[in-house]
Amino acid sequence: MAINVEINGEKINSPQEFHRVLAEKLDFGPYYHPNLAALWDRLSTDVERPVALTWRNAENSRDAMGAAAFDDLRNLLLRVERQDEDFGREDRFTVRFAQEPTPAAAERNRWVSPSPAAPA
């Protein structure tokens, strides 16, 4: 059975918070140390597949934690996905980064029906 993990970037403001949330959702256990090496070890070998990770509002996390820290996490997640693909695994780890529009942006982009043409 697939494991679907959703992370809300509006609530992830630091790498430590990302590690905490992911460790909780994937049950990394009490001995997990929140760093990139440990995350790689857990995701690349220990987590049962398939896993579909969606990081919603990822840009919010990037803004809050800084581009370098975000890119380190992002690149690691993509590397795990690539490794599963390269190994030809049928059950894989996949990751998707989704930016949902803010309410203001959604309002701006909302389709509004045109007003009827004025009589000639």
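**Note on the predicted model: sheet, helices and confidence**

1. In strand β2, N4 has A52 as its bridge partner. The model is a predicted one, in which local features need pLDDT of at least 70, side-chain atom pairs count only at pLDDT 80 or more, and totals for chains, interfaces and linings use all residues. Residues are numbered from 1 along each chain as its sequence is written, and side-chain values use heavy atoms, with hydrogens and water left out.

2. The mean pLDDT (the predictor's confidence in each residue, from 0 to 100) of the protein chain is 88, and 82% of its residues reach 70 or more. Over residues 108-120 pLDDT stays under 50.

3. The protein chain contains five helices and three strands. Helices (H or I, at least four residues) and strands (E, at least two) are DSSP runs, numbered from the N terminus. Read from the N terminus, the elements follow the order β-α-α-β-α-α-β-α. Of the contacts between residues at least 6 apart in sequence, 61% join residues at least 24 apart.

4. The three strands form an open sheet in the order β1-β2-β3, with parallel pairing. β1 and β3 stand at the edges with a single partner strand each, so one side of each is left without a neighbour in the sheet. From one strand to the next, the twist averages 15°. Two strands are taken to pair if DSSP finds at least two bridges between them.

5. Strand β1 (residues 3-8) is joined to strand β2 (residues 51-56) by six bridges. Within this pairing, I3 stands opposite V51 in β2.

6. Helix α1 (residues 15-25) has F18, H19, V21, L22 and A23 buried, where buried means under 20% relative accessible area, exposed over 50% and partly exposed in between (1.4 Å probe, protein chains only). The buried residues of α1 pack against β1, α2 (36-46), β2 and α4. Just after α1, D27 takes a positive phi of about 50°. For the protein chain of 120 residues, buried residues make up 32%.

7. Helix α3 (residues 58-65) and helix α4 (residues 67-86) pack at an angle of about 130°, with their axes 6 Å apart. Axes are lines fitted to C-alpha atoms, for helices over the stretch in contact, and angles run from 0 to 180 degrees between N-to-C directions. α3 and α4 are therefore oblique to each other; angles under 35 degrees count as roughly parallel, over 145 as roughly antiparallel, 65 to 115 as roughly perpendicular and the rest as oblique.

8. The contact between these helices is made by A58, S61, R62 and M65 of α3, together with A67, A69, F70, D71 and L73 of α4. By class, the contact of α3 with α4 has six nonpolar, one polar and two charged residues. Ala, Val, Leu, Ile, Met, Phe, Trp, Tyr, Cys and Pro count as nonpolar, Asp, Glu, Lys and Arg as charged, and the others, Gly among them, as polar.

9. Helix α3 also lies across β2 and β3, running at about 65° to β2.

How values were computed
Contact = heavy atoms within 4.5 Å.
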